[in-house]
Amino acid sequence: MVISLRRPGRRMAIACAVVTAAASGLLLPIATAPSAKAADDFRPQLVTVDTPSRAAKEKLAALGLDLTEHAGHDFTEVVLHRPADAIALQMAGLSWEVRIPDLVERESEVNAANRAYAAATATSPLPSGRDSYRRLSDYNDDLDRLASLRPGLVKKFALNHRSLEGKPVYGVEIAHDVTAAEDGRPVFLMMGLHHAREWPSGEHAIEFAYDLVENYGTDERITALLKKARVLVVPVVNVDGFEKSVNDGQLIDLRAIDGGGTGSILATPGNAYKRKNCRIVDGLTPLANECALASSPGGFGAGIDLNRNYGGFWGGPGAAAEPADATYRGPAPFSEPETQNIRELISTRQVTGLITNHTFSNLVLRPNGVAPDTVGPDGLPVGNPPDEAALKELGDRMAQQNGYTSQHSWELYDTTGTTEDWSYNATGGFGYTFEIGPDEFHPPFPEVVDEYLGSGQYAGKGNREAFLLALESAVDPESHSVISGKAPEGATLRLKKTFATPTWSGTIKDTLDTTMTVGEGGSYTWHVNPSTRPVVKARQIEVISSEPLKRQTYTGTTTPTQPSDQEFTVDRAADVLEVKLDWATPDDLDLYVFRKNADGSLSQVGSSTGSVGEKERVLRDDPEQGTYVLRVENWASVAPSWTLTASLYDATADEVGGVIENWTLSCEKDGKVLEQVPVVVDRGQRVKADLKTCAKKWGTS
């Protein structure tokens with residue numbers, strides 16, 4: 001059984017929680033040293049510590065306790081391993097609630113459920129037939145197996161950089177006639193396990209690889225796709241972190257206790273919930289076994305969050321500067337070998353579409369990572385991506401297959417330095433993040449099966465069908481660009497450009513450098529990304545009209561134990577719904593916006609949860625007509641007075657920025673450049689580039 005825990009109005013989806021009613025209250029004060037019996041009876045537990053101020057956070061951090069990644073501006077979740085940890089909290093004057101009374105029990109329950117499923121299942125419905133989570137060696141074995149099964153269809157490759165601990169990082173390329181020279185087909189990239197504990201993300205990536213390989217030649221749809229595209233699958237990006245997480249997680253076993261033993265095989269979850277990579281000290285290679293010993297049950301502690309380390313907008317909102325934080329961005333863009341691997345893979349292939357898998361929350365997220373009215377590094381609002389309409393259309397279609405919510409990344413929370421923040425804005429290739437599953441980082445394995453294949457009303461669809469839609473988009477010429485023409489047979493064609501990618505406080509140098517070989521007959525067709533990057537392309541920002549179409553103001557007070565709900569009706573077409581929460585005192589209020597469904601249930605459509613004293617604001621583009629519930633929550637005061645204003649506006653689109661960039665197309669023989677021409681091509685466009693000078697020089701070079 002998995003229970004999603006909530007503070008009043010705030011979703012606290014716990015990764016490993018089974019909570020009994022008797023254990024869900026406050027811990028009893030402990031005033032004296034624990035007895036030997038108390039120490040024996042104490043089980044590692046997850047507690048939510050109230051940290052409503054920076055001073056409280058600093059006080060908690062100074063205690064040296066095991067801080068998890070589940071934290072907000074007013075709370076921090078902590079693993080208590082022994083009674084002395086509870087005493088430390090009490091002596092510091094910090095209050096807390098027990099969220100999970102026994103972490104080991106929950107992880108053990110999941111492991112027991114997995115063993116039972118494996119024992120009862122000869123072959124699962126997954127394409128591979130797998131009935132349990134893979135370890136790192138299993139992934140590597142499966143990549144070898146795929147390559148050996150269909151050597152003309154699958155090619156295993158190693159990425160350019162070994163991990164911090166010296167491990168190779170592997171992927172497979174899947175395509176009709178895969179060993180042939182690059183022939184201009186578009187490339188689709190599937191990734192998993194940027195974050196160590198998100199085991200289903202790797203499972204779905206490699207199951208998609210199995211799906212393609214096993215169905216090639218028998219399934220017309222998949223066969224056609226693999227003749228049109230090359231598919232790259234890298235199931236484990238963070239090999240060091242994942243190895244620590246899965247090894248520790250699968251060790252937890254309470255059968256020794258159940259059988260009268262003296263304790264569990266592993267006393268605490270260890271690195272089972274590790275998030276980051278194995279960087280212990282910035283810039284330094286870890287010592288032997290140092291990462292395994294630097295226990296990281298949650299996201300805090302040693303390591304760098306790889307999904308904040310990419311160069312695009314690096315260092316901006318939603319990425320921590322402090323090494324101990326869960327979202328620590330690292331000392332510089334692309335400082336880590338894992339992100340360097342993906343950067344170089346994408347920069348040397350024409351990746352027209354990608355999916356990076358994560359867990360959890362049942363979401364399909366699209367760029368950008370920060371809200372469109374956020375002032376970016378160029379001093380202008382970030383705005384929506386120039387391809388917003390197409391990105392949304394594909395995201396919505398994928399979400400219809402798995403029941404997930406399709407939304408902007410920033411609608412979950414602000415993020416910068418993520419995979420798509422860089423990949424989309426640097427290359428123009430469409431990119432999405434899938435947050436797989438509703439409420440656990442690595443749930444019982446049958447849930448992995450259901451999420452991939454679909455269940456209930458989504459049976460026969462699920463992420464499998466969503467992935468196939470993404471692949472179909474990647475091969476659709478309307479979603480990218482095409483360059484075609486004539487060139488000498490056997491010539492190497494090269495598309496290249498070097499540019500400055502904006503971070504939040506400066507720029508980094510990026511180079512895209514891809515090649516193809518001209519085939520028999522001297523005609524070529526190259527499926528590529530647009531020549532002008534989205535980040536510099538003219539973009540639309542919404543300018544809200546000065547007078548609202550409708551406005552309603554509410555006033556009230558809210559206690560810490562009872563949120564205040566107000567209803568607002570969107571009864572006309574409008575471009576923007578704006579909800580603002582203001583108060584006079586330096587207190588901490590949060591704002592949530594829900595849409596009321598036909599059955600009376602609520603669906604969250606926005607939130608604003610800034611720090612103490614920071615006023616809250618939610619924007620919703622093109623709000624659907626209907627009733628909305630505006631919720632005010634209080635986390636710091638007895639009953640502050642507040643003013644809540646909901647307004648509907650028309651908006652006009654204003655175009656800002658905008659340059660046109662070109663590819664440099666070279667025709668080469670044995671590394672010698674015979675001709676270079678600039679090529680400007682937009683999304684959905686086809687241009688012709690006959691390389692006549694190269695043809696004239698070919699026989700004499």
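## Helix H8

Helix H8 (residues 239-251) has 13 residues, and its first and last C-alpha lie 18 Å apart, close to the 18 Å expected at 1.5 Å a residue. That expected span is 1.5 Å times one less than the number of residues. Helices here are DSSP runs of H or I with at least four residues, strands are E runs of at least two, and both are numbered from the N terminus.

## About the model

This is a predicted model, with local features needing pLDDT of at least 70 and side-chain atom pairs pLDDT 80 or more, while totals for chains, interfaces and linings use all residues. Numbering starts from 1 along each chain as its sequence is written, and side-chain values use heavy atoms, leaving out hydrogens and water.

## Strand E15 and its partners

E15 (residues 481-486) pairs antiparallel with E18 (residues 523-528) over 6 bridges; pairing takes at least two DSSP bridges. Lys-486 has Ser-523 of E18 as its bridge partner.

E15 also pairs with E31 (residues 686-688), this time parallel over 3 bridges.

## A four-stranded sheet

Next comes an open, antiparallel sheet of 4 strands, ordered E17-E16-E29-E30. E17 (507-517) and E30 (672-679) are its edges, each pairing on one side only.

E29 (residues 663-669) and E30 are joined by 7 bridges, and Trp-663 sits opposite Val-679 in E30.
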